[in-house]
Amino acid sequence: MDELHKIARAYYITANEESKSQGRRFFKSIDHDGSRGITIQEYLPYMKRNGHTKMANRPFFDYLNVSGTGELEFMEVMTLFYIIKSGRKFCDGCDGLLKGTFFSCTDCFDLDDESFNLCSECFTESSYVHPHRHFLDNYIILENMKVANKEGQMNHQVQNAGASNAIVLYNRQSRSSAVATTAATFTTCTIM
């Protein structure tokens with residue numbers, strides 16, 4: 001089973017009753033005939049009507065349908081619910097769902113609707129058109145955000161750190177010594 005299915009299952013199993021109830025309502029909102037299975041005929045109109053156009057296709061339905069029954073079962077729909085609620089991104093190169101590690105343009109990172117993200121393959125093969133060339137993976141960005149938050153950096157921004165293309169988060173008013181240290185670390189060492 002794909003990692004996203006495992007994550008969605010874990011969240012559902014450990015969720016409080018209100019969250020589980022939200023999941024059940026989501027399922028029922030798609031299951032128009034009450035059959036306890038979502039057909040492609042129910043799935044596609046719902047996804048299009050609700051603006052989820054990148055997921056409104058047969059291949060995405062088939063990705064969700066790990067049971068292979070041709071109908072989405074409850075936990076398969078909970079994977080869809082997780083993908084939508086978590087705001088999972090799609091690759092700006094190939095349009096595929098970003099399931100694990102992905103690369104974000106550090107120049108565009110702070111722009112909510114304008115962020116630019118790539119799967120590992122599109123990033124490696126330069127299979128994209130974008131004016132910027134500074135990218136970091138989501139784990140490095142998250143770790144740097146954690147460091148900045150620990151240092152009391154509440155108003156931060158992504159910025160390039162020299163030739164290493166590493167990222168530093170800094171307070172727009174003043175850079176702390178911890179952030180400067182982080183920047184120095186990334187410019188003097190490499191990940192690979």
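**Close-up views of a predicted model**

**View 1. Asn144 is a buried residue in this predicted model.** With a relative accessibility of 5%, Asn144 counts as buried, because buried means under 20%. You can find Asn144 in helix α7. Look at where its side chain goes: the side chain of Asn144 reaches the backbone oxygen of Ile140, at 2.9 Å.

View 2. Helix α7 (138-150) and strand β1 (103-105) each provide at least two lining residues. Sorted by class, the lining holds nine nonpolar, seven polar and four charged residues.

**View 3. Phe26 and Phe81 form an aromatic pair.** A search of the whole structure turns up 13 aromatic pairs. Phe26 belongs to helix α2 (residues 17-30) and Phe81 to helix α5 (residues 74-86), so the pair ties together parts that lie 55 residues apart in sequence. Are these two residues buried or exposed? Both Phe26 and Phe81 are buried.

**View 4. Several aromatic rings join into a cluster.** Follow the ring pairs and you will meet Phe103, Phe116, Phe123, Tyr128 and Phe135.

**View 5. A lysine sits over a tyrosine ring.** The charged end of Lys20 is 5.6 Å from the centre of the ring of Tyr12.

Key. Residues numbered from 1 in each chain as written. Predicted model: local features only at pLDDT ≥ 70, side-chain atom pairs only at ≥ 80, totals over all residues. Heavy atoms only, no water. Helix = DSSP H or I, 4+ residues; strand = E, 2+ residues; numbered from the N terminus. Nonpolar A, V, L, I, M, F, W, Y, C, P; charged D, E, K, R; others polar. Buried < 20%, exposed > 50% of the residue type's maximum accessible area, 1.4 Å probe, protein only. Polar contact = N/O pair within 3.5 Å; in protein donor to acceptor, adjacent residues only side chain to side chain. Phe/Tyr/Trp six-rings, centres within 6.5 Å; stacked < 30°, edge-to-face > 60°. Lys NZ or Arg CZ within 6 Å of the ring centre and 35° of its normal.
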